[in-house]
Amino acid sequence: MEIHHSRVRTCIGCGQRDDRSALVRVVADRRAAEPVSPVPVLPDVRGVLPGRGAWLHPSADCLSKAIRRRAFGRALRLTQAVDTNAVQQFVAERHGRLD
């Protein structure tokens, strides 16, 4: 029996389902987090970083929606504050300016 994993994921920003090739996986870098500091959220372009991942369209619109809705913490099951600077920089460098 073959197991087929779905390549469709849901963007945490807009909520639309899309093929994972159109999305970027993000993960919480729990190793770098101190109890009082925000947990860094990193883009996982190669899809190899350990831990629970969430998926995001690499667009300024979806990123701002995810930040505004506090979707990163919820999707990654974090109770601490999150630091999305690395994801913001990734989107800005590769997919246009952020407003």
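Student: Which residues is A22 in contact with, leaving aside its neighbours within four places in sequence?

Tutor: Contact means heavy atoms within 4.5 Å. By that criterion, and leaving aside neighbours within four places in sequence, A22 is in contact with H57 and P58. This is a predicted model, in which local features need pLDDT of at least 70, side-chain atom pairs count only at pLDDT 80 or more, and totals for chains, interfaces and linings use all residues. Residues are numbered from 1 along each chain as its sequence is written, and side-chain values use heavy atoms, with hydrogens and water left out.

Student: Where does A22 lie?

Tutor: Helices (H or I, at least four residues) and strands (E, at least two) are DSSP runs, numbered from the N terminus. A22 lies in the loop between β2 (17–19) and β3 (24–28).

Student: Is T84 buried or exposed?

Tutor: Buried means under 20% relative accessible area, exposed over 50%, and partly exposed in between, with a 1.4 Å probe and protein chains only. T84 counts as buried because its relative accessibility is 10%. A22 counts as partly exposed, at 31%.

Student: How many disulfides does the structure hold?

Tutor: A disulfide is a covalent bond between the sulfur atoms of two cysteines. Here the criterion is a pair of cysteine sulfur atoms within 2.5 Å. The structure holds zero disulfides. For C11, which is in no disulfide, the nearest cysteine sulfur is that of C62, 3.8 Å away. C14 is likewise in no disulfide, and the sulfur of C62 is its nearest, at 3.7 Å.
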